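Here's a quick briefing to read with the structure open beside you.

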Amino acid sequence: MPPGLRSRFWIESILASATGILAIVTIFWRDWIEAVFGVDPDHGNGSAEWAAVAVLALAAALFAAGARIEWRHARHPQVTGH
């Protein structure tokens, strides 16, 4: 593991994992939104669940990209020349 990893890397990694897991859970268990929050925003047609999958997958990709950028910055720190 590269030295100098900032807390931002860890936060983005955790968020990428959490949102990715939620996206996968939503694909296989579409009623978790109704079970957890007690609301049925799409009245049973499934559009809210597919929108949630899209948003969660996009968030996971963005958080993972941010974590990757942090990882690369820690591995290859910028050299400041005089």
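Is Arg-8 buried, partly exposed or exposed? Arg-8 has 46% relative accessibility, so it counts as partly exposed. Keep in mind that this is a predicted model.

**The salt-bridge network**

- The structure holds three salt bridges, so let's take them one by one.
- Arg-6 pairs up with Glu-70, and their closest N and O atoms sit 2.6 Å apart. Arg-6 is found in the segment before H1 while Glu-70 belongs to helix H3, so this bridge ties together parts that are 64 residues apart in sequence.
- How exposed are those two partners? Arg-6 is partly exposed, because its relative accessible area is 47%. Glu-70, on the other hand, is buried, with a relative accessible area of 8%, which falls under the 20% cut-off.
- Arg-8 meets Glu-70 as well, in a salt bridge of 3.8 Å from N to O. Here helix H1 supplies Arg-8 and helix H3 supplies Glu-70, so the pair ties together parts that are 62 residues apart in sequence.
- Arg-8 also bridges to Glu-12, with 3.2 Å between the closest N and O atoms. Both of these residues lie in helix H1, four residues apart, which is about one turn of the helix.
- As background, side chains of opposite charge can pair when their charged atoms come close.

**A closer look at Glu-12**

- You'll find Glu-12 in helix H1, which runs over residues 7–28.
- Glu-12 counts as buried because its relative accessibility is 11%, and the cut-off for buried is under 20%.
- What does Glu-12 touch, once its neighbours within four places in sequence are left aside? Its contacts are Phe-63, Gly-66, Ala-67 and Glu-70.

- H1 has 22 residues, and at 1.5 Å a residue they should span 32 Å.
- Which residues of H1 are buried? They are Phe-9, Glu-12, Ala-16, Thr-19, Gly-20, Ala-23 and Thr-26. These residues cover an arc of only 130 degrees around the axis, so they sit on the same side of H1.
- On the other side of H1, the exposed residues are Ser-7, Ile-14, Ile-21 and Phe-28.
- What do the buried residues of H1 pack against? Their partners are helix H2 (32–37) and helix H3 (47–75).
- Ala-18 is another residue of helix H1. With 36% relative accessibility, Ala-18 counts as partly exposed.
- Ala-18 and His-43 are 25 residues apart along the chain, and their C-alpha atoms are separated by 26 Å.

**Aromatic pairs**

- How many aromatic pairs turn up in a search of the whole structure? There are three.
- One of them joins Phe-9 and Trp-10 in an edge-to-face arrangement, at 4.8 Å centre to centre and with 80 degrees between the planes. It's called edge-to-face because that angle is over 60 degrees.
- Phe-9 is buried, since its relative accessible area of 10% is under 20%. Trp-10 is partly exposed, at 40% relative accessibility.
- Another pair is Trp-32 with Phe-37, and this one is tilted: the ring centres are 6.4 Å apart and the planes make an angle of 50 degrees.
- Trp-32 is buried, with a relative accessible area of 12%, whereas Phe-37 counts as exposed at 56% relative accessibility.
- Ring pairs also link Phe-9, Trp-10 and Trp-71 into a cluster.

Methods: Residues are numbered from 1 along each chain as its sequence is written. This is a predicted model: local features need pLDDT of at least 70, side-chain atom pairs count only at pLDDT 80 or more; totals for chains, interfaces and linings use all residues. Side-chain values use heavy atoms; hydrogens and water are left out. Helices (H or I, at least four residues) and strands (E, at least two) are DSSP runs, numbered from the N terminus. Buried means under 20% relative accessible area, exposed over 50%, partly exposed in between (1.4 Å probe, protein chains only). Contact means heavy atoms within 4.5 Å. The expected span of a helix is 1.5 Å times one less than its number of residues. The arc is that of the directions from the helix axis to the C-beta atoms. Rings of Phe, Tyr and Trp (its six-membered ring) pair if their centres lie within 6.5 Å; planes under 30 degrees apart count as stacked, over 60 as edge-to-face and the rest as tilted. A salt bridge is a side-chain nitrogen of Lys or Arg within 4 Å of a carboxyl oxygen of Asp or Glu.
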